[in-house]
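Today I am opening my notebook on a new structure. I want to look up a few things one by one and jot down what I find.

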Amino acid sequence: MTSTAETGLLGSTDEEQLAWAAREGRVVFTHNIDDFCRLHRKFLKEGKSHAGIIVAEQSLSIGTRLRGLLRLAQSFTAEEMRNRLEFFQT
């Protein structure tokens with residue numbers, strides 16, 4: 001796991017961050033539900049692929065987020081996460 005700051009993408013647009021994650025084969029975890037849902041649709045419409053997007057309400061506790069991430073990691077292979085949009089909600 002890595003953060004936007006650690007990748008040098010702090011200040012980059014959401015689309016640039018998703019494109020970087022797609023090139024690196026990394027799933028994006030974000031609280032920016034509206035923008036990343038829109039980007040998911042845009043990528044698919046344009047025939048682009050991404051490694052997966054997980055969106056979560058910011059109000060969720062860290063424990064809830066971690067349990068959700070572990071559940072997804074146990075439920076889906078990297079290939080199954082490809083172009084998938086998953087939601088964590090209260």
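**Entry 1: the largest pocket.** I began with the largest pocket, which holds about 860 Å³ of space. I kept in mind that I am looking at a predicted model.

Which residues lie nearest the centre of this pocket? I found Met1, Thr2, Val27, Val28 and Phe29 there, out of 30 residues that line the largest pocket.

Next I looked up where the lining comes from. Helix H1 (14–24), strand E1 (28–30), helix H3 (62–75) and H4 each give at least two residues to it. H3 gives the most, with six residues.

I also sorted the lining by class: 18 residues are nonpolar, eight are polar and four are charged.

**Entry 2: His40.** I then turned to His40, and I found it in helix H2 (residues 33–45). Is His40 buried or exposed? Its relative accessible area is 11%, and the cut-off for buried is under 20%, so His40 counts as buried.

What does His40 touch, once I leave aside its neighbours within four places in sequence? I noted contacts with His50, Ile53, Asn83, Arg84 and Leu85.

**Entry 3: Asn83.** One of those contacts, Asn83, made me curious. I located Asn83 in the loop between helix H4 (78–81) and strand E3 (85–88). Its relative accessibility is 26%, so I wrote Asn83 down as partly exposed.

I checked the backbone too: phi of Asn83 is near 60°, which is a positive value in a residue other than glycine.

Conventions:
Residues numbered from 1 in each chain as written. Predicted model: local features only at pLDDT ≥ 70, side-chain atom pairs only at ≥ 80, totals over all residues. Heavy atoms only, no water. Helix = DSSP H or I, 4+ residues; strand = E, 2+ residues; numbered from the N terminus. Buried < 20%, exposed > 50% of the residue type's maximum accessible area, 1.4 Å probe, protein only. Contact = heavy atoms within 4.5 Å. 1 Å grid on protein atoms, 1.4 Å probe; cavity = no way out; pocket = protein on both sides within 12 Å on 5 of 7 lines; lining within 4 Å. Points joined across faces, edges and corners; volume = space filled by probe spheres on them. Nonpolar A, V, L, I, M, F, W, Y, C, P; charged D, E, K, R; others polar.
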